[in-house]
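Please keep the sequence and the 3D view at hand while reading.

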Amino acid sequence: MSDEVKEVVDEKANSGPLATPEDFTPPDELYKDLVEKVKLYHPSDDFSMIEKAYRVADKAHEGQKRKSGEPYIIHPLCVAIILAELEMDKETIAAGLLHDVVEDTAMTKEEIAHEFSDEVALLVDGVTKLTQLSLTQDKLEIQAENLRKMFMAMAKDIRVIIIKLADRMHNLRTLQYQSPAKQQEKARETMEIYAPLAHRLGISKIKVELDDLCMQYLYPGLYKELSIKINEMMMEREDFIQEMVAEVKIYIQEAEIDAEINGRVKHIFSIFKKMKTQGKTIDQIYDIFALRIIVDNVRDCYAALGMIHAKYKPIPGRFKDYIAMPKANMYQSLHTTVIGHGGRPFEIQIRTKEMHRTAEYGIAAHWKYKESGSKQVSREEEKLNWLREILEWQKNTSDNHEFMNAIKMDLDLFQDQVYVFTPAGDVKTLPSGSTPIDLAYLIHTAVGNTMVGARVNGIMVPIETKLKSGDRVEIITSQNSRGPSMDWLKVVKSSQAKTKINQWFRQEHKTDNIQKGKNAVEDYCKTKGIDLVTLLTPEYMASALKKYNFSDWDSLMAAVGHGGIKEGQIVNKLIEARDKATSSKKSDDEVLEELKDGRKKFEIPKGGIKVRGIKDVAVRFSRCCSPVPGDEIVGFITRGRGISIHRSDCVNIICMDEADRTRLIDAEWEDGSGSENAVAEYMTEINIYAAGRQGIVFEISKVFNEENIAIKGMNVRSNKQGKMTISIQFAVKSKDQLAVLSSKIRNVNGIIDIERTTGS
């Protein structure tokens, strides 16, 4: 096999590093690599912003380690290197280096703006907010809301999602250090959301690697089997491939066309998907290996195509002109499959250098630079039409099922498309299987709502006719139209058309739907024996409106009437609001005053706590994060159970909604609480990640014994890779004592990382 082809195949078969801690490149070497990559494309030689970002991030993450045992700073450095490979601007590179400092350290968005710029701070803040979202929640409402937030962040600055994609790619490269459950969760989330988004943005350099990395964890057996088969096929076809490359080079030179000619191996997940969707065996896929011809201009593209078709017989139906009709993600190229020597089919792709760059980098390829370092985003507005459409859907779509289906359909159907022409000759891109109705709504909502017929290639056709690439379609409208039919929802393919049809019906029948919704809520309450009158107060209704993002009660009832929201959901929210309001009528200050005067007794720990300057108030420590003296803490005023003390980095505090945040209160440790002479002890818990080996649990227990710390509970788990997770509960007097203990445990042979629990 040629070295070039073997290198590509081996890289795909083994993508995703299997490094051990000893293999990690020192951070300063990675930084030098980063600067060298930026120099390759950036006209400015001023790297002060990038260097400053590296130094700030290095200091902010000092002492932090990843689960692999490597210094944490290696992760943002690797993210920045991926961004440099995409040839992003310096602000994006700096934000990539700083993308975790707000979430994981004490540094704030305001400090980043002061040290760098508002632009860098905006990017870091956007990525931080995306990191806090979970797109694999079981609850549809939470998942839909998180997706809405993600698209809003993308709309503010598309570079936010590019940084997030780079962050996700490096995390997947090191996913072997996570638990099997976490590997599955991250791989599935990436496969469903992030990889399709990378494809939507045209960034194939990221998309193909994300796909293959996910496949390794979601379908490990199939991935290994396909890797072996592809290697075998390449070995069998080595002579044929080398002969074709050499022959085509001669023909190109004879035609006096300047060109680069190289091969590309189709990535493994793409082969798997084509086998699955088309029901083919691997031997029936012609484009596993393709020859790529890269020329200087469009004229040479077609000249090279003519030469190829003159020398080799093309297979009918296998020619695609993505130059004249680009894909929606900006991809342009000529694809043709020809018969090579011995009757073997062979795919050839022809494109310009600029087209090749766009195919690799997508939207990222359009960040251009002047000598001053300022950027110009060419054609960005046109290429992000689909994002603006999504933002319109989320404004007009209250139904979470409809919104989620629209998003996933848009990402899924984007893979296969048809290209049709309007009477004016404009090219329109639609999902495969689309009808004239889809085209009408793509042109304009009013065109779809007044559509009465269609002509395809000059002939009147039923409006549910499936369109083919190359069709010339004319939409016939009438102001006397009664509007869309419910039957249209069964035949349209695009999420845009379905959303607009549903919107028309909701508006058209709003009065009827309002009454239907009210009746449904009343009937539900009668069935359950619930007194509806006591629930319909302005306070409780406002809570439901906020939950489902409606401005008035009638609109919410209309959503129930047309089936967008279940009546049970509304009633349950009203009951929840009532229970929350009536559980305690006391204000937060009244609760504090009661605690101060000692009129109500709660569990009082031995350690002193000050709350808003009040000493020795009755408090209790939360079990979710187990604070100890020395931790930064915050109080939470509960209803009926006093003040709960949490660590400020507790997950439950970080993820708290705005309504509950009003009940947070300043708290601090009493002087001397964490001293060596302190009597009080505080329960805490740590997770120890270690290599599985005989005797390691005994050695860890021995450290506890030497420090005179009693273990209150222990749980040991092992994964298939032999890695162990050891959870230990115990009591300490202070954070300093915990730090000493952790330091000694780290010296035990085989320890990868130690972390405290931060809530659940």
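## Salt bridges

K229 and E225 join their side chains in a salt bridge, with 3.3 Å from N to O. A salt bridge here is a side-chain nitrogen of Lys or Arg within 4 Å of a carboxyl oxygen of Asp or Glu. Both K229 and E225 belong to helix α13 (residues 220-236), where they are four residues apart, about one turn of the helix. Helices (H or I, at least four residues) and strands (E, at least two) are DSSP runs, numbered from the N terminus. K229 is partly exposed at 34% relative accessibility, and E225 is partly exposed at 41%. In these terms, buried means under 20% relative accessible area, exposed means over 50%, and partly exposed lies in between (1.4 Å probe, protein chains only).

The structure has 26 salt bridges. Another one joins the side chains of K52 and E115, at 3.1 Å from N to O. K52 sits in helix α3 (residues 48-60) and E115 in helix α7 (residues 109-115), so this pair ties together parts that are 63 residues apart in sequence. K52 has a relative accessible area of 32% and is partly exposed; E115, at 33%, is partly exposed too. Salt bridges also link D89, E119 and R159 in a network.

## How the model is treated

The model is predicted: local features need pLDDT of at least 70, side-chain atom pairs count only at pLDDT 80 or more, and totals for chains, interfaces and linings use all residues. Residues are numbered from 1 along each chain as its sequence is written, and side-chain values use heavy atoms, with hydrogens and water left out.

R756 lies in strand β23 (residues 751-756), while D631 lies in the loop between β16 (619-621) and β17 (633-637), so the pair ties together parts that are 125 residues apart in sequence.

## A four-stranded sheet

Strand β23 also belongs to an open sheet of four strands, in the order β21-β22-β20-β23, with antiparallel pairing. Two strands pair if DSSP finds at least two bridges between them. At the edges stand β21 (711-718) and β23, each with a single partner strand, so one side of each is left without a neighbour in the sheet. Neighbouring strands of this sheet are turned by 20° against each other on average, direction ignored. Axes are lines fitted to C-alpha atoms, for helices over the stretch in contact, and angles run from 0 to 180 degrees between N-to-C directions.

Strands β20 (residues 682-691) and β22 (residues 723-732) run antiparallel and are joined by ten bridges. M683 is placed opposite A731 in β22. Helix α32 (residues 696-706) packs on the sheet and touches β20, β21, β22 and β23; its direction makes about 20° with that of β22. Helix α33 (residues 735-746) packs on the sheet as well, touching β20, β22 and β23, and its direction makes about 165° with that of β23. Contact means heavy atoms within 4.5 Å.

E755 is found in strand β23 and is partly exposed at 28% relative accessibility. Which residues does E755 contact, leaving aside neighbours within four places in sequence? They are K67, I686, N687 and Y689. The side chains of E755 and Y689 are joined by a polar contact of 2.6 Å. A polar contact is a pair of N or O atoms within 3.5 Å; within protein, one must be able to donate a hydrogen and the other to accept it, and residues adjacent in sequence count only if both atoms are side-chain atoms. E755 and R66 are 689 residues apart in sequence and 10.0 Å apart in space, C-alpha to C-alpha.

## S333 and the cysteines

S333 lies in the loop between β4 (320-321) and β5 (334-339) and is buried at 0% relative accessibility. The side chain of S333 reaches the backbone oxygen of I350 at 3.2 Å. Not counting residues up to four places away in sequence, S333 touches residues including Y322, I323 and I350.

The structure has zero disulfides (pairs of cysteine sulfur atoms within 2.5 Å). C214 is buried with a relative accessible area of 0%, and C525 is buried with 2%.
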